Amino acid sequence: MGRKIAVVSGKGGVGKTTVACGLALALSKNGKSVCLVDLDIGLNNLDVLLGLENKVVYDLADCLSGRCRLKQALVTGNGFENLYLLPSMRFSSVKITPLQIKSITDKLAGVFDFVIIDAPAGAGENFELAVYGANEALVVVTPHMASLRDADKVIGLLKGFGISETSIVVNRIRGDMVARKEMLSHTQISKLLKCPIMGVVPESDDINIYSSFKFDKIAKSKTVVAFTILVHNIKTDKKVIYDYESRYKGLIGIIRRNIKRSV
Ligand SMILES: Nc1ncnc2c1ncn2[C@@H]1O[C@H](COP(=O)(O)OP(=O)(O)OP(=O)(O)O)[C@@H](O)[C@H]1O
Ligand SMILES: [Mg+2]
């Protein structure tokens with residue numbers, strides 16, 4: 001059986017879709033078969049991010065109402081190997097139950113190595129759907145107080161959903177600001193939330209290029225390295241944290257920090 005991982009957050013806009021997408025892509029580049037499930041019902045945008053919106057014929061609601069088979073709703077393309085998307089819907093009159101979602105993600109886990117679920121923000125009804133469909137959760141947080149406070153609530157709620165493993169992905173971290181002690185580090189965040197870290201993704205303009213899969217343009221960028229390390233951590237017990245501060249240490253690091261601050 002494949003692993004079923006829900007990518008959740010407390011606060012909205014912290015990077016769940018970006019992390020879900022980047023992780024799925026890095027896993028598929030690593031030879032794993034992956035199905036992304038868009039459960040941000042109503043505000044779904046994974047199809048757009050993957051450039052697959054024109055390929056979508058059926059969606060989750062069609063599968064659940066029996067208008068199509070699960071296989072017919074899955075879309076792929078754009079040169080992705082082993083990466084599929086189960087699209088969500090913009091509008092739905094279909095009432096979806098957690099058990100229906102579980103049965104869909106169980107079927108997918110029978111075929112794919114990884115089922116990655118992009119959840120809506122917060123802890124509403126659709127958050128429950130996303131979490132019921134998974135047995136592991138990645139809580140995406142940014143190093144800002146509002147994000148951490150909301151993540152803390154969500155981590156508390158996850159305990160009641162039979163999730164076997166919950167860990168944090170710190171997104172949009174800035175090495176220069178952590179080095180200047182103007183931003184919390186990943187270890188401080190982990191301690192505050194009493195939750196282990198799965199990985200960090202630095203703040204970077206490359207993220208949009210990464211999401212549009214033009215890897216050759218950014219082959220050695222910190223975004224690619226961070227997602228490669230994230231995949232390593234997900235696949236093994238030995239966690240490695242991307243050293244986002246290294247560029248900002250030592251004499252040259254201090255100069256870099258000052259340049260970054262002044263421009
Ligand atoms: N590491 C990063 N560096 C720079 N920009 C980022 C990073 N991560 C995410 N972003 C940007 O932040 C914005 C929000 O990201 P995203 O849509 O992934 O958040 P979300 O948590 O899925 O939002 P929602 O709660 O609305 O679903 C996007 O414009 C994305 O490009
Ligand atoms: Mg999203």
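**Chatting through helices, loops and salt bridges**

Trainee: Leaving aside its neighbours within four places in sequence, which residues is D47 in contact with?

Mentor: Once those neighbours are set aside, D47 is in contact with L52, E53, V56 and L85. Contact here means heavy atoms within 4.5 Å.

Trainee: Before I go on, what kind of model is this?

Mentor: This is a predicted model, where local features need pLDDT of at least 70, side-chain atom pairs count only at pLDDT 80 or more, and totals for chains, interfaces and linings use all residues. Residues are numbered from 1 along each chain as its sequence is written, chains are lettered from A and ligands numbered from 1 in the order in which they are written, and side-chain values use heavy atoms, with hydrogens and water left out.

Trainee: Good to know. Where is the place of D47, and is D47 buried or exposed?

Mentor: D47 belongs to helix α2 (residues 46–49). With a relative accessible area of 12%, D47 is buried. The cut-offs are under 20% relative accessible area for buried and over 50% for exposed, with partly exposed in between, using a 1.4 Å probe and protein chains only. Helices are DSSP runs of H or I with at least four residues, strands are runs of E with at least two, and both are numbered from the N terminus.

Trainee: Why would residues a few places apart point the same way?

Mentor: An α-helix has 3.6 residues a turn, so residues three or four places apart face the same way.

Trainee: OK, α9 then. Which of its residues are buried?

Mentor: In α9 (residues 186–193), the buried ones are H186, I189, S190 and L193. Their arc around the axis is only 100°, which puts them on the same side of α9. Their cover includes α7 (145–158), along with β5 (136–141), β6 (165–173) and β7 (197–202).

Trainee: What happens to phi just after α9?

Mentor: K194 takes a positive phi of about 50° there. Most residues other than glycine have a negative phi. K181 also has a positive phi, about 60°, although it is not a glycine. K181 lies in the loop between α8 (175–179) and α9, and is exposed at a relative accessible area of 75%. Then there is N82, again not a glycine, with a positive phi of about 65°. N82 sits in the loop between α4 (70–73) and β3 (83–86) and is partly exposed, at 33%.

Trainee: Switching to charges: how many salt bridges are there?

Mentor: The count comes to 8, taking a salt bridge as a side-chain nitrogen of Lys or Arg within 4 Å of a carboxyl oxygen of Asp or Glu. One of them pairs the side chains of D62 and R67 at 2.6 Å, N to O. D62 is buried, with a relative accessible area of 11%, whereas R67 is exposed at 53%.

Trainee: How about E203 and R172: which parts of the chain does that pair link?

Mentor: E203 and R172 meet in a salt bridge at 2.8 Å, N to O. The pair links distant parts of the chain, with E203 in the loop between β7 and α10 (206–211) and R172 in strand β6, 31 residues apart. E203 is partly exposed at 28%, and R172 counts as partly exposed at 39%.

Trainee: Last one: which residues do salt bridges with shared partners join into one network?

Mentor: Start from D176 and R180, whose side chains meet at 3.6 Å, N to O. D176 counts as buried at 1% relative accessibility, and R180 is buried at 17%. Salt bridges that share partners join R174, D176, R180 and E182 into one network.

Definitions and conventions. Arc of directions from axis to C-beta.
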